[in-house]
Amino acid sequence: MSEKRKIRTGGVESGPFSLRQLMCQRECGELPDTAEFLAERDGKWKRITGLMCDFEVYPDDRLKSIRQAGIRWVMVLNSGNNSDCPACKDLTQKIYPIDGAPKLPPANCSCTPWCRSDYIATELSDTKAKDCDIAFKCVHCSQKIVIVMAGAGLSVICPTCKKVIVVPK
Ligand SMILES: [Zn+2]
Ligand SMILES: [Zn+2]
């Protein structure tokens with residue numbers, strides 16, 4: 001895999017630039033969120049905020065392997081530092097059914113230099129409550145939901161009606 005990527009801003013191509021060069025350009029505001037890079041993975045132009053996906057594990061692939069492991073619920077994890085944009089921060093603290101997980105990076109992502117959001121599997125299960133789980137019903141559609149204790153107080157997307165519900169503490 002090459003270390004450099006071509007860039008396109010407002011229809012004008014430049015580069016290729018190294019990761020380090022791109023990071024500098026992003027951090028000093030020379031490259032807008034709408035700038036694109038030419039992905040090596042599939043030869044398509046993609047938003048600069050998704051650059052890490054072309055170097056590390058692609059979020060869609062992560063989702064696929066989580067699904068293959070039989071896990072049906074995911075959360076979104078940010079980098080945890082102040083490079084996380086509001087759109088990415090907004091995706092955390094919620095539990096999503098794996099088929100209803102938001103796309104990463106989100107379309108309006110403005111993380112600088114780029115998005116580090118990723119999926120993590122959760123132990124949430126909607127089948128059987130163990131002693132350590134919280135069982136409750138969706139306030140919108142009465143779907144029975146069981147969530148691990150760690151989910152107390154978090155917002156969950158109801159697997160049935162897709163509305164946001166807050167897990168009781
Ligand atoms: Zn972002
Ligand atoms: Zn519901």
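Helices, like strands, are DSSP runs numbered from the N terminus, a helix taking H or I over at least four residues. The legends below refer to a predicted model.

View 1. In the predicted model, helix H2 spans residues 59–68, and because the number of buried residues among its 10 is 1, the helix lies largely in the open. A residue would need 20 or more other C-beta atoms within 10 Å of its own to be called buried. H2 is followed by glycine 70, whose phi is positive, near 85 degrees.

**View 2. The open sheet of 5 strands.** The strands of this sheet follow the order E7-E5-E6-E10-E11, and their pairing is mixed. Strand E7 (118–121) and strand E11 (164–166) stand at the edges with a single partner strand each, so that one side of each is left without a neighbour in the sheet. On average, and with direction ignored, neighbouring strands of the sheet are turned by 35 degrees against each other.

**View 3. Strand E5 with its partner E7, and the packing of H2.** The pairing between E5 and E7 is antiparallel and is made over 4 bridges, and within it leucine 77 has aspartate 118 of E7 as its bridge partner. Helix H2 packs on the sheet, where it touches both E5 and E7, and the direction of H2 makes about 10 degrees with that of E7.

**View 4. Strand E6 between E5 and E10.** Strand E5 (residues 73–77) and strand E6 (residues 94–97) run antiparallel and are joined by 2 bridges, with tryptophan 73 standing opposite proline 97 in E6. Towards strand E10 (residues 155–157), E6 pairs in the parallel sense, again over 2 bridges, and here isoleucine 95 stands opposite valine 156 in E10. The position of E6 in the sheet, with E5 and E10 listed on either side, can be read from the order E7-E5-E6-E10-E11.

View 5. Leucine 38 belongs to strand E3, which covers residues 36–38. With 18 other C-beta atoms within 10 Å, leucine 38 is partly exposed, since that class lies between the limits of 12 or fewer for exposed and 20 or more for buried. When its neighbours within four places in sequence are left aside, leucine 38 is in contact with Arg5, Lys6 and Trp45. Leucine 51 lies 13 residues from leucine 38 in sequence, and the C-alpha atoms of the two are 9.2 Å apart in space.

How values were computed:
Residues are numbered from 1 along each chain as its sequence is written. Chains are lettered from A and ligands numbered from 1 in the order in which they are written. This is a predicted model: local features need pLDDT of at least 70, side-chain atom pairs count only at pLDDT 80 or more; totals for chains, interfaces and linings use all residues. Two strands pair if DSSP finds at least two bridges between them. Axes are lines fitted to C-alpha atoms, for helices over the stretch in contact, and angles run from 0 to 180 degrees between N-to-C directions. Two residues are in contact if their C-beta atoms, placed from the backbone, lie within 7 Å.
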